[in-house]
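Subject: Structure handover

Hi,

Here is the structure we talked about.

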Amino acid sequence: MSKVIFVTGAGRGLGVDIARQALAVGHQVVATGRHPANVLEALGGEQDNLLVTTLDITRADAAQAAVDAAVTRFGRIDVLINNAATFQAGYFEEISDAQMRAQIETNLFGPMNITRAVLPVMRAQRSGRIVTISSIAGLVGQEFCVAYAASKFGVEGWTESLRYDIEPYGIRTTIVEPGFFRTELLVDASTSWAELSIDDYAERTKTTKAMWQSMNGQQAGDPAKLAGALLKVIDLDEPPLRFVAGDDAIPTAEAKGQEITAQATASRTLGSGLAHTDVA
């Protein structure tokens, strides 16, 4: 059955693959990005089932305008895919306050802005899917990823809690936790490096930055296959709260679950029996 699918960050990377494959199977697609001409070119030009519109996800007014354009064109929005994101790399002390705030603004408040604009449409329909691209870094902290992980951990908590707000209205949420895919997240347009420099970190920063740069385009995951899997997820009657994607991500997620279980067990002696007790 054809759906109206709204995709953020559709100018390159995973967003292009999602939009392209959705169009190929007959869905109506709202493809958004900061530079709509680039989005349109990436998707092969004007098409009857395609609306390309400008969207800076950090601006609430831009989010509302994009949603209004989608409803005017197609009459509804069945699926929102929160895909747009950036990567702020670096060690915490070398990341400026402005850089940290920008990372949270884009990766956490950005999806919030567009979701806030979409939800009234879905509530009126009493149906909808909110699919938000997180990362395995939203589940497991990693070196050199403190800002990115903070934003994605925030996405996880927000989305996991949001489901309780909106499921009574027929709206379901899915958090996607990919491992390393060739999604162009590491290209210059998506990645920022720490602005500050501290001698203690200098050698580690140099080595680690070079390692990350060398990974661009070499990641094992195929974004076209991930896009295909996501289209299958949105067709499920009972979509999962989490979709862990990639041969590297699945064992990492499993290990994190085992680690938390072990930590909870180890905390049983000190962590239980802490309720208030009246003293005679």
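In this predicted model, the axes of helix H4 (residues 97-125) and helix H5 (residues 146-166) come within 8 Å and cross at roughly 20 degrees. Axes are lines fitted to C-alpha atoms, for helices over the stretch in contact, and angles run from 0 to 180 degrees between N-to-C directions. Helices (H or I, at least four residues) and strands (E, at least two) are DSSP runs, numbered from the N terminus. H4 and H5 are therefore roughly parallel to each other (angles under 35 degrees; over 145 is roughly antiparallel, 65 to 115 roughly perpendicular, the rest oblique).

Contact means heavy atoms within 4.5 Å. On the H4 side the contact residues include Met100, Ile104, Leu108 and Met112; on the H5 side, Tyr148, Val155, Trp158 and Leu162 are among them. By class, this contact has 13 nonpolar, five polar and one charged residues. Ala, Val, Leu, Ile, Met, Phe, Trp, Tyr, Cys and Pro count as nonpolar, Asp, Glu, Lys and Arg as charged, and the others, Gly among them, as polar.

H4 also packs with helix H3 (residues 60-74), at an angle of about 35 degrees and with the axes 8 Å apart. Ala60, Ala63, Gln64, Val67 and Val71 of H3 meet Asn113, Ile114, Ala117, Val118 and Val121 of H4. That contact has eight nonpolar, two polar and no charged residues.

Now the sheet. It is open, has seven strands and pairs in parallel, in the order E3-E2-E1-E4-E6-E7-E9. Two strands pair if DSSP finds at least two bridges between them. Neighbouring strands are turned by 15 degrees on average, direction ignored. Strand E6 (residues 128-133) and strand E7 (residues 171-178) share six bridges. Thr132 has Ile175 in E7 as its bridge partner. Helix H8 (residues 249-266) lies across E7 and E9, at about 125 degrees to E9.

There are four aromatic pairs. Rings of Phe, Tyr and Trp (its six-membered ring) pair if their centres lie within 6.5 Å; planes under 30 degrees apart are stacked, over 60 edge-to-face, the rest tilted. Phe87 and Tyr148 have ring centres 5.2 Å apart and planes at 75 degrees, so the pair is edge-to-face. Phe87 is in strand E5 (residues 87-89) and Tyr148 in helix H5, 61 residues apart.

Residues are numbered from 1 along each chain as its sequence is written. Local features need pLDDT of at least 70, side-chain atom pairs count only at pLDDT 80 or more, totals for chains, interfaces and linings use all residues, and side-chain values use heavy atoms, without hydrogens and water.

Best wishes
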